[in-house]
Amino acid sequence: MTKTAEHVKQITEAKKERGGIKKGGQGAKSKKTAAKVALMKMKLHALGDKGLPQSERIYFEVLFPLEHPKKSQPMFFSKMWTIGRIVDKVAELADLPNNNNLASAKKLRVFDAESGHILPLEDKLETCLHGECTALMNGGDRKSVV
């Protein structure tokens, strides 16, 4: 038993001297694989309308306001839905108070992550995707949104 332990110790010391085991996966191929794995994990945990056909689904990581107990949640929506319907669905799935119908209340909004512009509620998601709006966020500074 002690010979085995000594042999293992010699092997580990030799690897340390040589710089250890080289980590694979630093190239473009591994980045592609990592992106695919991340998408698979997102699809696995995503919330949404289970009745939607797979061909219509668009997946997003939705960020919630700071007051919400969860930081974010992967969700999917139909690319045919309007931004307003997506806001309603996010509020329903995340148990957020949705007072968009009241004039004086704080509103839930969808922002373009890169520019910070509010997406119009009547636009379809498919239109926004063709306009390079590829991220769904629930607030610019996350403090100003309910």
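Student: Is lysine 89 buried or exposed?
Tutor: Lysine 89 counts as buried because its relative accessibility is 15%; buried means under 20% relative accessible area, exposed over 50%, and partly exposed in between, with a 1.4 Å probe and protein chains only.

Student: What kind of model and numbering does this rest on?
Tutor: This is a predicted model, in which local features need pLDDT of at least 70, side-chain atom pairs count only at pLDDT 80 or more, and totals for chains, interfaces and linings use all residues. Residues are numbered from 1 along each chain as its sequence is written, and side-chain values use heavy atoms, with hydrogens and water left out.

Student: Which residue forms a salt bridge with lysine 89?
Tutor: The partner is glutamate 92, and the closest N and O atoms are 3.7 Å apart. A salt bridge here is a side-chain nitrogen of Lys or Arg within 4 Å of a carboxyl oxygen of Asp or Glu. The search of the whole structure finds 1 salt bridge.

Student: Where do lysine 89 and glutamate 92 lie?
Tutor: Both are in helix H3 (residues 83–94), 3 residues apart, which is about one turn of the helix. Helices (H or I, at least four residues) and strands (E, at least two) are DSSP runs, numbered from the N terminus.

Student: And glutamate 92, buried or exposed?
Tutor: Glutamate 92 is exposed, at a relative accessible area of 51%.

Student: Changing topic: how many aromatic pairs are there?
Tutor: The whole structure has 3 aromatic pairs. Rings of Phe, Tyr and Trp (its six-membered ring) pair if their centres lie within 6.5 Å; planes under 30 degrees apart count as stacked, over 60 as edge-to-face and the rest as tilted. One of the pairs is tyrosine 59 with phenylalanine 76, tilted, at 5.4 Å centre to centre and 50° between the planes.

Student: Which strands hold tyrosine 59 and phenylalanine 76?
Tutor: Tyrosine 59 is in strand S1 (residues 57–63) and phenylalanine 76 in strand S2 (residues 72–78), so the pair links distant parts of the chain, 17 residues apart. Tyrosine 59 is buried at 16%, and phenylalanine 76 is buried at 1%.

Student: What about phenylalanine 60 and phenylalanine 77?
Tutor: They form a tilted pair, 6.2 Å centre to centre with 35° between the planes. Phe60, Phe77 and Trp81 form one aromatic cluster.

Student: How do S1 and S2 run?
Tutor: S1 and S2 run antiparallel, joined by 7 bridges; two strands pair if DSSP finds at least two bridges between them.
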